[in-house]
Amino acid sequence: MSAATERARPAPTCRRPRRRVDWGKLDWGKYWTWAVIAWLLAPIAFMVAFGFNDAQGRHNVTWQGFTLRWYADVFAYPDLTRALAASLAIAVLTMLIAGVLGGLLGLALGRFRFRGKALTDLVMFSAISAPEVVLGAGLLSMFLTMNIATGFWTILIAHVMFSVSFVAITVRARVLALDPALEEAARDLGASPWATFRLVTLPMLFPALMAGGLIAFVLSIDDYIITTFVSGNTTTFPLWIWGTTRVGTPPQVNVMGTLIFAVGVLLAVINAAVARRRG
Amino acid sequence: MASTTGPGTAAAERTGQQQDAVPAIALEGVSKTYRSGGEQVAAVRGVDLEIGQGEFFSLLGPSGCGKTTTMRMVAGFEEPTGGTVRLKGADVTGVPPHRRDVNMVFQSYALFPHMSVFDNIAFGLRRKGVPAAEVRRRVGEAVELVELTGRERTRPTRLSGGQQQRVALARALVNRPSALLLDEPLAALDLKLRQSMQMELKRIQRDVGITFVYVTHDQGEALTLSDRIAVMNGGLVEQLGTPQEVYERPATRFTAGFIGTSNLLSGEVTASSGGVIEVRTGGGAVRAAGSAALGERVEITVRPEKITLAAGAVEPGACELPGTVIEAVYLGSTTHYTVAADGDDGTEIVLHQQNTAGPAEAARRGDRVRLTWRPDQSYVLPR
């Protein structure tokens, strides 16, 4: 192609030497960045695209044309709808409970020195780094030993357990970055300790709480391994999808996945905008 | 809390208090000891101070001298481990900061970034349940006082450093506290702005008549602004006095060195009578104000601007010390000389000479000179 361009537009003078690619001077950082972004987005792009695939038969794996009918027919499988509802309920509750518990934990870890602080750190990191299979199996034996019937509530307990650390770490980072003089200024201006927390500390921590809550939501809604151990008769969205992989996953799954992703991105963008406005 | 009905009442109240002369702030034997890694560290060890109504009072000292800890004990952020803190005569030791009638301007300003300038300034009034209409009026007055009218809706992060400083000031002053505590408030500003803010602070303090307690390590700032200065070192007040007293009559070696430049001469007392002593130094005999026992080794101090280079005969009764110029720095209006005094004790004396004479009379490096000053311009430092 470049040869064709050269022939079509012969150089009027030969003053400017033909540009040669200097490999050392190329902006490799830029190309690398775009490559990583493409790598990260490719699976999501496929998920979104196959929600619009006019798939015939059971399998939604080859492109057969564009359609919107899966969006119109998104609730065609009552089981799938129930599973999604259960997953959303668990994820929202996980976000709220882990948000409160993790927020308080992060505040304590960032602000105070107390007996057992190092131990708390250790427990938090082990909850993050322990293999999920081990955690799942452990939780199941615990529930069985304690004679707790597995189901919706045991899933919720498990999800709060593994996501609380992420909230705590996010909030702690924010607490450590806060100027302690801000709270002192509030006290100095007549605010009681509780009013100081409500009017200054909490608003300042809000972006971190939101970010931590979103992480908890995301971790909860797509968890498969731990959930499968403690789910009992409850079926969540990921469990249902995994159950259909051998018989053929319907495009509605892609549609729901796309919607969850879109809402997640929207919330993240809003949170970033709020955080920016608050400085 | 002070009356909220208007400036007239506040002024009347102030004069009333001046009459019965209750100090705005009184510290009685206040000390603070921290436990750090199993060791007791004394930050403040027994400070007694009385700060009057409407006074501009500075706590001056190097970092770690206890000045900030002292101020934080007045604000209530630190509890003293010994002694009593009184505000307008009332013992407030143990009272939490939100129930103390003092307000603070923080070194980092500590403006609430999620609130507008207006909401920042209104914070204290709203906490006290002041009605909305009055909040609006008083915030308006405060904004005017610090010359920020029109910026009420702005977020503090969008303001310049000097403007943020003004917001912090307004946020504290709007509450009409019985004292305003300022913790190195100008430290984050550049030199030009710092100088103009100094004048600004002085003007505002005169306008509102509120007691200012000013913590600083900058001796120039303390001298410029204060009615009185407490020079602190090692958790103790080294000297308490007006800027003139502290500068002209340093009570300790530390004060002499910390405030301005001081020349220290040491020698043996050879005569002492009527508040004047004669001291034999390595370079010759000099006289100084003070009293000491015969034969005692003492240190005397004299400020660089009190010394002149003697052209002809020295004034009768003046001190005279010969030496050699080892450095002459020309600064336009003044020349700073460093002179090695004769004798073998290696005493170097700094003097600042006004350049009133022409360049022909200036001494150069290596010139032999005679230094002279009046004996009442130098003092014996206590051991």
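**Entry 1: the contact between chains A and B**

I began with the contact between the two chains in this predicted model. Chain B gives 19 residues to the contact, and chain A gives 17 residues. I then asked which elements of chain B give two or more residues to the side that touches chain A. They are β6 (102-105) and α3 (117-127) of chain B. The largest share of that side comes from α3(B), with 3 residues. I also sorted the chain B side by residue type. I got 9 nonpolar, 7 polar and 3 charged residues.

**Entry 2: nonpolar cores**

Next I looked up the largest nonpolar core. It holds 122 residues. Which of them touch the most other members? I noted Ile25(B), Val74(B), Ile121(B), Ala170(B), Leu180(B), Leu181(B) and Val213(B). The largest share of this core comes from chain A, where helix α9 (residues 193-221) supplies 12 residues.

I followed up Val74(B). Leaving out residues up to four places away in sequence, Val74(B) touches Ile25(B), Val85(B), Val102(B), Leu181(B) and Val213(B). Ile25(B), Leu181(B) and Val213(B) are also on the list of core residues that touch the most other members.

**Entry 3: α9(A) against α12(A)**

I went back to α9(A) and checked its packing on helix α12 (residues 251-277) of chain A. Their axes come within 9 Å and cross at roughly 165°. Angles over 145 degrees count as roughly antiparallel, so α9(A) and α12(A) are roughly antiparallel to each other. The crossing is left-handed.

I listed the residues that make the contact. From α9(A) they are Pro207(A), Met210(A), Ala211(A), Leu214(A), Val218(A) and Ile221(A). From α12(A) they are Ile260(A), Gly264(A), Leu267(A), Ala268(A), Asn271(A), Val274(A) and Ala275(A). How many of these residues are nonpolar, polar or charged? I counted 11 nonpolar, 2 polar and no charged residues.

**Entry 4: α4(A) against α11(A)**

Last, I looked at another helix pair in chain A. Helix α4 (residues 78-111) and helix α11 (residues 237-244) have axes that come within 7 Å. These axes cross at roughly 145°. On α4(A), the contact uses Asp79(A), Leu80(A), Ala83(A), Leu84(A) and Ser87(A). On α11(A), I noted Phe237(A), Leu239(A) and Trp240(A). By type, this contact divides into 6 nonpolar, 1 polar and 1 charged residue.

Technical notes. Residues numbered from 1 in each chain as written. Chains lettered and ligands numbered in written order. Predicted model: local features only at pLDDT ≥ 70, side-chain atom pairs only at ≥ 80, totals over all residues. Contact = placed C-beta atoms within 7 Å. Helix = DSSP H or I, 4+ residues; strand = E, 2+ residues; numbered from the N terminus. Nonpolar A, V, L, I, M, F, W, Y, C, P; charged D, E, K, R; others polar. Core = buried A, V, L, I, M, F, W, Y, C linked by C-beta atoms within 7 Å. Buried ≥ 20, exposed ≤ 12 C-beta atoms within 10 Å, placed from the backbone. Axes fitted to C-alpha atoms, helices over the stretch in contact; angles between N-to-C directions. Parallel < 35°, antiparallel > 145°, perpendicular 65-115°, else oblique. Left-handed = near helix turned anticlockwise from the far one by under 90°.
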